[in-house]
Each structure stands twice: as structure tokens, then as C-alpha cells.
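Please look at the sequence and the model together before reading on. The report is meant to be read with both in view.

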Amino acid sequence: MTVRNTGRTPVNIKGWSLSDKSGHAYRFGNLRLNGHGQVRIHTGIGRDNRTDLYQDRRNYVWDNNGDQAILRSDHHRVVDTVAWGRRH
């Protein structure tokens, strides 16, 4: 899953969350996304860096047949959603 800052101004997404329809959630630590910057969020195990973050889960979260990703601000406001497949 990729989170992009589509604006020109940097945004700190500390405390924001990315969740699926089943309730799996990933909360962002102190992360500043530059204007037009992006970061990929992986469900597996790995080492975080500037362009990739890892949830360190042993099982998949996103359902390839259909799911929905919901990005919420630190005030729980829905910032963006994306859905795919038949079961969203």
C-alpha cells in the first residue's frame, strides 16, 4: 500500500492510521511526508527506511479479492480511502 502526499507542503502524519475493512490497523510514528512524497507500507517483516515502512506482521492484511484501505488523521478524520475487488 502506498501513501502519497499530493500537496506541495510537507505533512507530519504522526499518529495517523491505515486500516482495512477487517479492522487491522497500522499507526504511523513520527513521519514527515514531503510535498509530493510517498511511502510504501508493507505488512511483512522488514527494516523501516525513508521510503518503506513495515508492519512486522507474519500474516497478510490486504485481501487480493477485495478490500478497502482507510487512511485516518490523528483526530480520526478519514483523509482518504481506496477500495478494490468484489468485496468492498
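## About the model

This is a predicted model, in which local features need pLDDT of at least 70 and side-chain atom pairs count only at pLDDT 80 or more, while totals for chains, interfaces and linings use all residues. Residues are numbered from 1 along each chain as its sequence is written, and side-chain values use heavy atoms, with hydrogens and water left out.

Strands here are DSSP runs (E, at least two residues), numbered from the N terminus. Strand 8 covers residues 66–72, and five of its seven residues are buried, where buried means under 20% relative accessible area with a 1.4 Å probe and protein chains only.

Two strands pair if DSSP finds at least two bridges between them. Strand 8 runs antiparallel to strand 3 (residues 17–19), to which three bridges join it, and Ser 19 has Ile 70 of strand 8 as its bridge partner. Strand 8 also runs antiparallel to strand 9 (residues 78–85), with seven bridges between them, and Asp 67 has Trp 84 of strand 9 as its bridge partner. Five residues lie between the strands in the hairpin of strand 8 and strand 9, where His 76 takes a positive phi near 65°.

## A buried loop residue

Thr 43 is found in the loop between strand 6 (38–42) and strand 7 (52–54), and Thr 43 is buried, with a relative accessible area of 12%. Leaving aside neighbours within four places in sequence, Thr 43 is in contact with Gln 55, Asp 56, Arg 57, Asn 59, Tyr 60, Val 61 and Trp 62, where contact means heavy atoms within 4.5 Å.

Definitions and conventions
Buried < 20%, exposed > 50% of the residue type's maximum accessible area, 1.4 Å probe, protein only. Helix = DSSP H or I, 4+ residues; strand = E, 2+ residues; numbered from the N terminus.
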